[in-house]
Amino acid sequence: MTAALQARTEGLITAELAVSAGEVVAVVGPNGAGKSTLLRALAGLPGPARAAVAIDGRDVGTLPPHLRRIGYVPQDGALFPHLTAARNVAYGLRGRGLSRAGARESAREWLDRLGLAGLAGRRPGQLSGGQQQRVALARALAPEPRLLLLDEPLAALDVETRASVRHTLRAHLGPYDGACLIVTHDPVDALSLADRMLVVESGTVVQDASPAEVTRAPRSAWVARMLGLNAYTGVSGPDGVHLADGRVIASADDVPAGPVLVTVHPDHVTLHREPPAGSERNVWAGTVAEVTGTGTRLRITVRPSAGPGPGPGAGPDLVAEVTAQAAAELALGEGLPVWAGVKATAVRLTAL
Amino acid sequence: MIGKPGSGGRAGHRETGAGAAAAPAPAPGSAAPARVPRIPRTRVPVLLLLPSLVGLAFVVLPLVGLLVRAPWQSVPERLGDPAVRTALRLSIQCSFGALAISLVLGVPLAWLFARVDFPGKALLRALVLLPLVLPPVVGGVALLLAFGRRGVLGPWLESMGVRLTFSMTGAMLAGAFVALPFLVLSVEGAIAGLDRKYEETAATLGAGPLRVFCTVTLPLIAPGLAAGSALAWARALGEFGATITFAGNLPGETQTLPLAVYLMLQDDPDTAVAVSLMLLAVSVVVLVALRGRWLSPTRKQPYVPEPDEAGR
């Protein structure tokens with residue numbers, strides 16, 4: 001079976017993609033990683049990357065954007081400000097050869113479907129950010145593209161609107177039968193919307209896997225931190241992993257010597273007021289830099305100190321998640337000297 | 001200058017601001033001065049002030065002269081004179097014809113300059129803008145040498161049965177020649193200032209370049225297009241040198257208002273003044289209509305987003 005989308009890009013971002021019909025791929029990565037550039041290259045828009053693209057086995061790499069049969073939603077939706085919501089949605093339908101009346105009819109159906117009934121006659125300036133994104137999505141989906149490209153569809157929205165637009169996206173990307181790429185810098189969006197994650201960093205793909213696999217074994221410090229894990233890069237050797245700041249971490253994982261990504265789940269970090277005498281192989285002294293709450297759990301950021309005892313900071317922070325009760329028993333407060341311990345079996349290593 | 005009371009409205013306003021800001025600082029009985037000194041207004045050097053006032057008078061006085069000496073009572077009657085009405089009709093035909101030519105040729109040219117990179121663009125752009133600085137008579141001579149009977153294209157045009165010199169079409173061409181740069185400049189600025197995301201998204205929705213241009217680019221640059229059209233039309237309306245050189249001065253044929261005014265000044269000065277007054281009024285109307293757009297044809301679209309969460 002040929003994939004719905006097969007592509008290879010060159011330039012600012014180099015990537016090879018194969019996306020099957022109905023599959024939603026999230027392209028995640030830090031700002032400037034080349035995510036938007038990738039979408040533009042696939043759409044055939046000018047930019048710092050080029051792409052060889054085949055959609056449903058048809059080579060469209062040399063075609064201009066209007067002949068590629070794609071749907072593209074740029075970052076802020078780019079609704080045509082001089083047209084009403086209905087005429088925005090009808091725009092692509094007219095291009096597919098529908099009559100004026102037919103396009104209008106279909107546009108209204110799409111607006112209804114996305115919960116925008118009654119707003120058909122409004123211009124983009126009279127719509128909220130969330131409504132604009134929905135209209136932009138309707139406009140892109142209406143002409144039934146074989147490839148759908150969404151560039152940060154949730155980035156410009158406030159938290160509440162975000163959740164509702166995310167829900168809309170999930171509801172409409174489920175039945176969508178073409179290939180879909182969503183750019184996001186929020187792994188949470190990726191986890192909730194995508195079947196697969198493409199993690200991009202400085203112009204290259206560092207991981208292409210299912211969301212479950214990316215969460216289990218992230219291959220990029222950026223994505224690991226976005227998922228709430230402690231993540232460091234280092235070099236593994238016979239005596240453990242050497243971090244850039246000179247610390248050595250012991251791990252039960254067996255990996256070949258070379259560059260590795262070290263991840264530690266915050267649940268597996270224990271905090272002590274005295275130097276621990278237990279079985280933990282990794283113990284760092286530090287001070288509590290920040291305490292933030294998430295429900296019944298507290299996230300404690302520990303800033304390791306340079307010396308053997310608590311003192312001035314050195315190296316990247318370590319985050320521990322403890323119950324509110326445990327935090328109260330330890331009387332944790334910002335600035336307090338603590339010892340953080342991690343068992344060797346809780347230190348995950350991923351060869352890079 | 002320590003806070004002289006009641007001196008100058010604007011300065012007084014500034015003083016309140018400074019006073020309010022400094023209010024909590026000086027405690028009673030401290031060594032601080034009782035009043036906060038006001039920052040003196042910039043003194044304008046006499047050597048700059050004097051010429052600028054003379055310059056202002058230089059521009060305003062002729063207009064005042066026109067208004068003072070105008071035969072106000074007989075203006076309507078003089079404007080109704082058959083000769084004037086003929087010239088007016090010709091002027092309207094000619095200026096709108098020139099505008100039409102400028103639009104048809106200038107808008108695509110402006111798009112090309114704003115959106116496409118090609119070798120020699122800077123040079124071509126300079127050539128199109130040349131009529132801005134070229135003496136109009138020279139423009140007329142150049143038009144004669146291109147499209148006149150003995151011009152480069154003359155024999156060919158003649159074989160097609162087209163005569164441009166000393167015709168209304170010729171007057172339109174002369175007007176378009178001088179008006180085109182105004183249109184191209186305005187429209188090019190508007191297109192260059194337009195965010196490409198709209199055109200790009202339209203393309204991904206299946207619209208070819210021409211459809212994108214007609215349905216997205218043109219509507220979005222409408223303000224710039226209107227400003228450019230007004231400028232170009234006004235320029236064509238007032239054209240004298242290129243018109244008289246290329247299209248001649250045939251009453252009822254190519255004698256537009258500016259040409260008529262010039263001739264009337266000899267034997268019917270009051271009518272000439274009345275017509276001048278009318279042209280001045282038209283210019284003022286154009287200027288007022290352009291207010292705000294005159295220098296900023298690339299202004300953003302006037303859509304003010306009103307987040308309306310209630311309607312969601």
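Predicted model: local features only at pLDDT ≥ 70, side-chain atom pairs only at ≥ 80, totals over all residues.

Trainee: In the open sheet of six strands in chain A, what is the order of the strands, and what kind of pairing do they have?

Mentor: Reading across the open sheet, the order of the six strands is β6-β7-β8-β3-β9-β10 in chain A, and the pairing is mixed. At the edges stand β6 (70–73) and β10 (204–209) of chain A; each has a single partner strand, so one side of each is left without a neighbour in the sheet. From one strand to the next, the twist averages 15°.

Strand β9 of chain A, residues 196–201, pairs with β10(A) in the antiparallel sense, over five bridges. To see this pairing in the model, find A:Glu201, which stands opposite A:Thr204 in β10(A).

Helix α1 of chain A, residues 35–43, touches β3 (24–28), β6, β7 (147–151), β8 (179–184) and β9 of chain A. The direction of helix α1 makes about 150° with that of β7(A). Another helix of chain A, α4 (residues 129–141), lies across β6 and β7 and runs at about 165° to β6(A).

A:Ser192 has its place in helix α6 of chain A, which covers residues 187–193. Setting aside neighbours within four places in sequence, A:Ser192 is in contact with A:Arg166 and A:Arg170. The C-alpha atoms of A:Ser192 and A:Ala26 are separated by 9.9 Å, although these residues are 166 apart along the chain.

Finally, let us step back to the whole chain. Chain A is divided into domain 1 (5–217) and domain 2 (228–352), and 39 Å separate the centres of these two domains, taken over C-alpha atoms. Chain A also has an open sheet of five strands, in the order β13-β12-β11-β14-β20, with antiparallel pairing. Here β13 (248–249) and β20 (347–351) of chain A stand at the edges; each has a single partner strand, so one side of each is left without a neighbour in the sheet. Within this sheet, four bridges join β11 (residues 230–237) to β12 (residues 240–243) of chain A, and the two strands run antiparallel. A:Gly234 stands opposite A:Leu243 in β12(A).

Technical notes: Residues numbered from 1 in each chain as written. Chains lettered and ligands numbered in written order. Domains from an automatic or database assignment. Contact = placed C-beta atoms within 7 Å. Pairing = 2+ DSSP bridges. Axes fitted to C-alpha atoms, helices over the stretch in contact; angles between N-to-C directions.
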